[in-house]
Amino acid sequence: MHNFNAAKPGSRVGEWAPYSYNIGTGCSNGCKYCYARDIAVKTKTITDSSQWTTERVNPKKATINEKVDGRVMFPTMHDITPQNLQTYMATLRNILKAGNRVLIVSKPRLFCIQSICDAFTGDKDKILFRFTIGSQDERVCKFWEPNAPPPQERIAALRHAFEAGYQTSVSAEPMLEGFREAVALYGALESIITETIWFGKMDDIDDRVDMAEPVNENAAQFIREFQSDANIRLLHDHLKDLPKVRWKMSLRRVVGI
Ligand code: SF4
């Protein structure tokens, strides 16, 4: 018997949905700032962070049969990859069959999103996609998110879902560059977003990123400067009146909203 996880109000998940669900742990994307890897180590799901990039899928979790009030964010502790796509889609089918609404969060692989869009045409009103795109620069994404799809593929997936008639949104958390690039990102994506685009800082860099690697420390210093309080206020000033723009907690704290 499996159940959804209730999100703590004000938590990372709770900002977006009152419930969440996962079919496994581990994520081959290997993002240097990964929050889920930290949680997995703290909860002893894995013994050390080097195990994180091995995906472990539990097919039994596909049998979920629960109805909740409010959206279910699925997944939160892994991504949707060719290795877990079959189990992911079987699980999504059961979640929707019970009458739930789902927030699908991913650094999307085009093939996976095409497969989901093709298979769930009858549930478009219950599915909201949210794709993480922190930069349009392939080199920058490759550094911070080494095994995730390049931004061009994520944008193609966003366009595909939009053109297929699904509800679409974007997470620019963490932003991987500064305020000018964030404003440009908004301009590039606004027309294929039906719902919202969320901006957030790269939080807790010193705790999450391996600073023993000098190259990481150098890159982190760029992020600290790009995302200084002054630059975050500039970003807020530029975008604050636009109807699709939303601010994550990490950014709200800086601008006092
Ligand atoms: S996509 Fe998410 S869960 Fe996967 S490594 Fe990156 S931050 Fe972690």
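Student: Where do Phe-222 and Phe-226 lie in this predicted model?

Tutor: Both residues belong to helix 8 (residues 214-226). They are four residues apart, about one turn of the helix.

Student: Why is the pair of Phe-222 and Phe-226 called tilted?

Tutor: The ring centres of Phe-222 and Phe-226 are 6.1 Å apart, and the planes meet at 35°. Centres within 6.5 Å make a pair, and planes under 30 degrees apart would count as stacked, over 60 as edge-to-face.

Student: What makes Phe-222 count as exposed?

Tutor: Phe-222 has 51% relative accessibility, and exposed means over 50%; therefore Phe-222 counts as exposed.

Student: Why does Phe-226 count as partly exposed?

Tutor: The relative accessibility of Phe-226 is 32%. Buried requires under 20% and exposed over 50%, so Phe-226, in between, counts as partly exposed.

Student: How many aromatic pairs does the structure hold?

Tutor: The structure holds nine aromatic pairs. One of them joins Phe-74 and Tyr-88, with 4.2 Å centre to centre and 10° between the planes. Since stacked planes are under 30 degrees apart, this pair is stacked. Phe-74 is in the loop between strand 5 (72-73) and helix 2 (85-97), and Tyr-88 is in helix 2, 14 residues away.

Student: How do you know that the charged end of Arg-12 sits over the ring of Tyr-35?

Tutor: The distance from the charged end of Arg-12 to the ring centre of Tyr-35 is 4.7 Å. The distance criterion is within 6 Å, together with a direction within 35 degrees of the ring normal. Arg-12 is accordingly assigned to a position over that ring of Tyr-35.

Technical notes:
Residues are numbered from 1 along each chain as its sequence is written. This is a predicted model: local features need pLDDT of at least 70, side-chain atom pairs count only at pLDDT 80 or more; totals for chains, interfaces and linings use all residues. Side-chain values use heavy atoms; hydrogens and water are left out. Rings of Phe, Tyr and Trp (its six-membered ring) pair if their centres lie within 6.5 Å; planes under 30 degrees apart count as stacked, over 60 as edge-to-face and the rest as tilted. Helices (H or I, at least four residues) and strands (E, at least two) are DSSP runs, numbered from the N terminus. Buried means under 20% relative accessible area, exposed over 50%, partly exposed in between (1.4 Å probe, protein chains only).
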